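Hi,

Here is the structure I promised to pass on. Have a look at it first, and my notes on what turned up follow below.

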Amino acid sequence: IKLEETELNGRSNQSVVSEFIFLGLCDSWELQAVLLVIFSSLYLITILGNIFIVLLITADLHLHCPMYFLLANLSFIDLCLSSVTTPKMITDFLKANKTISFGSCMCQIFFGHFFGGGEMVLLVSMAYDRYVAICKPLHYSSIMSTQMCIRLVMISWIIGFVHSISQLAIIIQLPFCGPRELDSFFCDIPLVIKLACVDTYVLEMLINADSGVLATVCFILLLISYSYILLTLCHQSKDGASKAFSTCTAHITVVMLFFGPCIFIYLFPLNITWVDKFLAVFYAAITPLLNPVIYTLRNKEIKIAIKRL
């Protein structure tokens, strides 16, 4: 009897679920066919748009400055972030059984938080670049040197990695032995952790605190930076302020589009299925598309560089 109890306890401490099942965005095959065309087109535009920005900034010598160096890195992260979940979502529109292996699910969680956390920090770096350019223009070239730009990008990657690996280390050790249906189209911690066979209340609080601290700190730094920038612009000449304000407006728009869904997914979840799915789609598929569109349409230097091609 003791031997049997030991074996049962040993099994209960292991993850016996080998795969998860996605319920997807909808049940209708007709609607899924429409969504297949829409999201395939959006993903293609996202990939081509972000690659175009990276190549344009790399090739055009007039764009070899800190702001566009950071913008190229943002486009690269958006390219990677959209590729974490969107291809799987597109292929699942063609399948009746939308499954994902346990290992692939953990990979989605890791890379989703890796690129997402890195983008948060990179947006702060871009705000700092604009702060120095507008509030301390005479010291801009000395502060925003090539070495500083590389450091800022490296810091964003490092923080993204530390954030992601800390999240993964918590969830990968949980036992999954019962339900395996996820009412979504990709693996994310708030949904996956609910399928664990143990009480995860404390772990959920810990994970939310991890994501919450990173998002809150980044958002506060962004608010402070852009507040100083807007106050400075109010005291500048009309022509100089107009150009700087146009650039900052594009940055602020991207920040709001990125942090908006994050706030309601991780910090203040609404727990309304269709709202959660909408926010997840917006965060995973729409935001990486809007970034190149916003920067291309609102940035005069980018438009001029395109005309020089």
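A word on terms before anything else: helices (H or I, at least four residues) and strands (E, at least two) are DSSP runs, numbered from the N terminus. Leucine 206, for instance, is found in helix H8 under that scheme.

Please keep in mind that this is a predicted model, in which local features need pLDDT of at least 70 and side-chain atom pairs count only at pLDDT 80 or more, while totals for chains, interfaces and linings use all residues. Residues are numbered from 1 along each chain as its sequence is written, and side-chain values use heavy atoms, with hydrogens and water left out.

The overall picture

The protein chain has 11 helices and three strands. Read from the N terminus, their order is α-β-α-α-β-α-α-α-β-α-α-α-α-α. Of the 309 residues in the protein chain, 46% are buried, where buried means under 20% relative accessible area, exposed over 50%, and partly exposed in between (1.4 Å probe, protein chains only). The accessible surface of the protein chain is about 15,800 Å², and carbon and sulfur atoms hold 70% of that surface; these areas come from the Shrake-Rupley method with a 1.4 Å probe, and for residues only the protein chains shown count as cover. Among contacts (heavy atoms within 4.5 Å) with a separation of 6 or more in the protein chain, 79% join residues 24 or more positions apart.

How H6 meets H8

Helix H6 (residues 146-171) packs against helix H8 (residues 201-233) at an angle of about 170 degrees, and their axes are 10 Å apart. H6 is therefore roughly antiparallel to H8. Axes here are lines fitted to C-alpha atoms, for helices over the stretch in contact, and angles run from 0 to 180 degrees between N-to-C directions. Angles under 35 degrees count as roughly parallel, over 145 as roughly antiparallel, 65 to 115 as roughly perpendicular and the rest as oblique.

On the H6 side the contact is made by Ile159, His163, Ser166, Gln167 and Ile170, and on the H8 side by Leu203, Leu206, Ile207, Asp210, Ser211 and Leu214. Leucine 206 is partly exposed, at a relative accessible area of 47%.

The cores

Which residues touch the most other members of the largest nonpolar core? They are Leu71, Met120, Leu123, Phe258 and Phe259, in a core of 44 residues. At least two residues each come from helix H2 (29-59), helix H3 (66-92), helix H4 (102-135), H8, helix H9 (238-267), helix H10 (273-298) and helix H11 (300-307). Leucine 123 touches Leu74, Leu222, Val254, Val255, Phe258 and Phe259, leaving out residues up to four places away in sequence. Apart from this core lies another, of 21 residues, including Phe20, Phe176, Val192 and Ile193. A nonpolar core is a set of buried Ala, Val, Leu, Ile, Met, Phe, Trp, Tyr and Cys residues joined through side-chain atoms within 4.5 Å.

Cysteine 248 sits in helix H9 and is buried, with a relative accessible area of 1%. Beyond its neighbours within four places in sequence, cysteine 248 is in contact with Arg130, Ile134, Tyr226 and Ile229. The C-alpha atoms of cysteine 248 and tyrosine 226 are separated by 7.8 Å, at 22 residues apart along the chain.

Leucine 56 belongs to helix H2 and counts as buried at 4% relative accessibility. Not counting residues up to four places away in sequence, leucine 56 touches Leu63, Ile302, Ala305, Ile306 and Leu309. Leucine 56 and isoleucine 302 are 246 residues apart in sequence, yet 8.4 Å apart in space, C-alpha to C-alpha.

Best wishes
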